[in-house]
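Please work through the following exercises with the sequence and the model at hand. Each task is followed by a solution in steps.

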Amino acid sequence: MNIAVGARAGVIDDLFAGNFLGRDSDIVFDYRQKVTRSFQYLQGDYYIAPLFMDKVVTHIAKNYMADLLNTKVPLILGIWGGKGQGKSFQTELIFQAMGIEPVILSAGELESERAGEPGKLIRERYRTASQVVQNQGKMSCLMINDIDAGIGRFGNTQMTVNNQIVVGTLMNLSDNPTRVSVGQDWRDSDVTNRIPIIFTGNDFSTLYAPLIRDGRMEKFYWQPNREDIVNIVHQMYKKDGISRDDVIRIVDKFPNQALDFYGALRSRTYDQSISKWIDEIGGVEELGDKLLKRKKNEKQPTFTPPKQTIEALLESGYSLLKEQQLVMDTKLSKAYMKNIDD
């Protein structure tokens, strides 16, 4: 039995589907197929950069108003920039603020052992977003993260049939956003809602040039300025009692770092406390039992987070800088591959 289909009437023998409580005995089928994203995990008060907010909200609004505007509206917004600058996270915060239920696609899904599968997947996800608008009355969009990792050209990487079909599918969606087939017969009534598409990536110059032309894709280069970084990091550390002046000191101490560096600082300060906590619960031998094999009424050992101080954060920062430099300086691949080019 295909577990993705389950006990569906007309798909498997009636003996197994039964004829009670409705025809379909697989009552969770619809929930299993849910591919939209909600953001319950985004708890807390985060800072959204005004420029970023303006660009994403304007793009979404323009596409939903396309029929009212006497101008060509690009279907795709491409957000690109350096690594770890919060492109995906800031976009998700905006979705949460606007009450949007998006469909998220990863670049890892843009390749398959079966030719044509990723292109079909994009069209299916696009139509799913359209159904959110039609059936739930919510705004939706299709978001593809790290698109350049999926269909970008790097050096001598191979261009597969699926790469070509994905690019062709996205170009066709941009040109015909309301007529999207997933293999069914065309019907005049089968008109899809226009759904805005958002890409994130690091280098769009690796993408097929006709896909990123101005009529199809609006491009937005995201490089947070010092004020944005200070505001975002301050919001991140606010619950720890770190003042804005201390945040400015940290940012000035470690300039030219991606936003995720400042998140990693806070994570690194937990290491010593976690090591101490492991010793307190009985050492590494007891760790698996304490975390995973507790008795029914036994509570998980309590962990007290460390109190964040400016000194501890700076110490973590210097440690991370040292690791970064070590990676760049050592380059062990040269030791293993003697003929590697510099």
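The exercises below proceed from the whole chain to the sheet and then to single residues.

**Conventions.** The model is predicted, so local features require pLDDT of at least 70 and side-chain atom pairs count only at pLDDT 80 or more, while totals for chains, interfaces and linings use all residues. Residues are numbered from 1 along each chain as its sequence is written, and side-chain values use heavy atoms, with hydrogens and water left out.

**Exercise 1. Characterise the protein as a whole.**

Solution. 
- Step 1: The protein contains 14 helices and 5 strands; these are DSSP runs (helices H or I, at least four residues; strands E, at least two), numbered from the N terminus.
- Step 2: Of the 342 residues, 38% are buried, where buried means under 20% relative accessible area, exposed over 50%, and partly exposed in between (1.4 Å probe, protein chains only).
- Step 3: Taking contacts (heavy atoms within 4.5 Å) between residues at least 6 apart in sequence, 74% join residues at least 24 apart.

**Exercise 2. Determine the strand order of the sheet and the helix placed against it.**

Solution. 
- Step 1: The order β2-β3-β4-β1-β5 describes an open sheet of 5 strands with parallel pairing; two strands pair if DSSP finds at least two bridges between them.
- Step 2: β2 (103–106) and β5 (217–221) are the edge strands, each pairing on one side only.
- Step 3: On average, neighbouring strands are turned by 20 degrees against each other, direction ignored. The axes are lines fitted to C-alpha atoms, for helices over the stretch in contact, and angles run from 0 to 180 degrees between N-to-C directions.

**Exercise 3. Is R216 buried or exposed, and which side chain does its own side chain meet in a polar contact?**

Solution. 
- Step 1: R216 lies in the loop between β4 and β5.
- Step 2: R216 counts as buried because its relative accessibility is 9%.
- Step 3: Its side chain makes a polar contact of 2.9 Å with the side chain of D175. A polar contact is a pair of N or O atoms within 3.5 Å; within protein, one must be able to donate a hydrogen and the other to accept it, and residues adjacent in sequence count only if both atoms are side-chain atoms.
- Step 4: Not counting residues up to four places away in sequence, the residues that R216 touches include P74, L75, I76 and M171.

**Exercise 4. Which residues does D228 touch, not counting residues up to four places away in sequence?**

Solution. 
- Step 1: D228 belongs to helix α8 (residues 226–237) and is buried, at 9% relative accessible area.
- Step 2: With that exclusion, D228 touches Y47, A49, P50 and W222.
- Step 3: D228 and P50 are 178 residues apart in sequence, and their C-alpha atoms are 8.8 Å apart.

**Exercise 5. Locate two residues other than glycine with positive phi.**

Solution. 
- Step 1: D146, with phi near 55 degrees, is found in the loop between β3 and α6 (147–151). D146 is partly exposed, at 38%.
- Step 2: N256, with phi near 60 degrees, is placed in the loop between α9 (244–253) and α10 (259–268). N256 counts as exposed, at 82% relative accessibility.
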